[in-house]
Amino acid sequence: MTCVFKIPIHVSQPELVRPETSTPREFKYLSNIDDQLGLRNHIPFVHFYPPIEDLRARDPAALIKQALAKVLVYYYPVAGRLRSSDNGKLVVDCCDEGVVFREADSDITMAEQRRINGGLKPPFPMWDQLLVDDIWGSYLIIDAPLLRMQVTRLACGGFILAYTFNHCICDAYGAYQFITALSEFCLNLNLIAPSNLPSWGREILNPRTPPIISHRHPEYDISDSATLTYTEADFKLLAQTSIFFSNSDISLLKNQLDGRRYPTFDAVASCLWKARTRALTNPNAITRLLFPIDTRFRCKPSLPKGYYGSAVVFPCAIAKANEVVGKPLHYAASLISEVKKRVAGDEYRASVLDFIEMNERRGFCMDEAFVVSDMCRLRFAEIDFGWGGGVYGGPGRAGTGLKPGMVTSIIGHKNDEGVEGVLALVSLPLESVDRFHMEVRKQIEFAKSLNLVAAL
């Protein structure tokens, strides 16, 4: 859990960074996945870099700003704006208006930041100061910058890079690709082009003519709360917390799963779903677990190398709350596994695109819904801007999405003791945080007891 912690940070006025050279003026198509209502929000990330004595004279803000103008030549749609088009469709106006950039200075050191927070991991008590342009919920989607970035220089010589993307322009993989390209220009300002050239390719995800809905899509069931909108205050009423699963914890959870070999995601997501349901949900309710699956490398027609748009579908496991909490962990894991099997292959993505086309870009069902987004393969912490790898890199906070508390992200993480595992970023009502943590630990301790019994 986090609290607001105020340290003097002197933040510059915002400026707009534009591509260094001229870029095409055009309108670009967004796919139905890109501009569906459920992704009309923002995705924030952050990187922490410790000081390097030999580099104290180098200004990370000036370097990153210069590299940003260069990378935007290749990612020029990111410097544009979303505009409303026919039938609620959004398009990208490649108008070269630029992205928001700020630099800042703080009197705090990296060591003090670590001490205040109990380790360099979310939640960050100074988050609102580290990215003053962060946006919560579905605001500033059209006619607004698509990327907002801040570099904060620390008193020790380290720095923090924080930024948030409009989710309609990219998914987490696309954000990782963009920031990797930015880092390449930081390492060599004379670089001719990024190693992985970006590709638009959204037209590959056109709906079919005529559209064919070949699968059920309970992730888009009409929601009782579909017409509700949430303010920034609604999101910030919830507490931010995170929970670390060591590789040992994950092995214990997997050992509970009925002798079958489940992936790490299935084990961790099942544990989170079970704990969150027990902490928050009426036992008589129907609960849903949505989990994004990246289709860029697994479906045909294939998306081009360098594709940075949203390529995720959101299959959905459904169960009664009392069954999720009352049955063994392998019950929830088996539901996830069965859904994965049903949506394997090319047809499911095509059906999603057609469903969205025929249902006016309907948003996700938000009633008792929980989204677990797996970013474990995206090694944000290893991205090098010239200072080596970071001590943390990944999502900046929980509380993304359209409904407060609905979305959790999990990332690969090494804690301060050097233990590797997975970190889950969670947003919950304050009164439910302790119970949620207790329920997760209870499952791990139960798995540990089973392991001991089996060893006798």
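## Sheet, cores and ring pairs

Let's start with the open sheet: it has 6 strands in the order S10-S18-S17-S15-S11-S14, and the pairing is mixed. Strands here are DSSP runs of E with at least two residues, helices are runs of H or I with at least four, and both are numbered from the N terminus. Two strands pair if DSSP finds at least two bridges between them. This is a predicted model, where local features need pLDDT of at least 70, side-chain atom pairs count only at pLDDT 80 or more, and totals for chains, interfaces and linings use all residues. Residues are numbered from 1 along each chain as its sequence is written, and side-chain values use heavy atoms, leaving out hydrogens and water.

- S10 and S18 run antiparallel and are joined by 8 bridges; Phe 245 has Val 422 in S18 as its bridge partner.
- S17 and S18 are also antiparallel, with 6 bridges, and Ile 411 is partnered by Leu 423 in S18.
- The S17 and S18 hairpin has 5 residues between the strands, and Gly 418 takes a positive phi near 85° there.
- S15 (residues 369-374) and S17 (residues 407-414) run parallel, joined by 4 bridges; Ser 373 stands opposite Ser 409 in S17.

**Helices on the sheet**

- Helix H6 (residues 247-255) lies across S10 and strand S18 (420-428), at about 80° to S10.
- Helix H7 (residues 264-280) packs on the sheet and touches S10, strand S11 (286-290), S14, S15, S17 and S18, with its direction at about 150° to that of S15. Contact means heavy atoms within 4.5 Å.
- In S18, 8 of the 9 residues are buried (under 20% relative accessible area; exposed is over 50% and partly exposed in between, with a 1.4 Å probe and protein chains only).

**Nonpolar cores**

- The largest nonpolar core has 75 residues, and Ile 64, Leu 68, Val 78, Met 149, Phe 165, Phe 178 and Phe 385 have the most contacts inside it. Such a core is a set of buried Ala, Val, Leu, Ile, Met, Phe, Trp, Tyr and Cys residues joined through side-chain atoms within 4.5 Å.
- A second, separate core has 67 residues, including Ala 239, Ile 250, Val 268 and Ile 356.

**Rings and charges**

- The whole structure has 21 aromatic pairs: rings of Phe, Tyr and Trp (its six-membered ring) with centres within 6.5 Å, called stacked when planes are under 30 degrees apart, edge-to-face over 60 and tilted for the rest.
- Phe 48 and Phe 124 have ring centres 4.9 Å apart and planes at 35°, so this pair is tilted. They are 76 residues apart in the chain, and both are buried.
- Tyr 173 and Phe 297 have centres 5.6 Å apart and planes at 75°, so they pair edge-to-face. Tyr 173 is partly exposed at 24% relative accessibility, while Phe 297 is exposed at 65%.
- Arg 397 lies over the face of Trp 136, 3.6 Å from the ring centre. The cut-offs for a charge over a ring are NZ of Lys or CZ of Arg within 6 Å of the ring centre and within 35 degrees of the ring normal.
- The charged end of Arg 202 sits over the ring of Tyr 308, 5.3 Å from its centre.

Terms used: Axes are lines fitted to C-alpha atoms, for helices over the stretch in contact, and angles run from 0 to 180 degrees between N-to-C directions.
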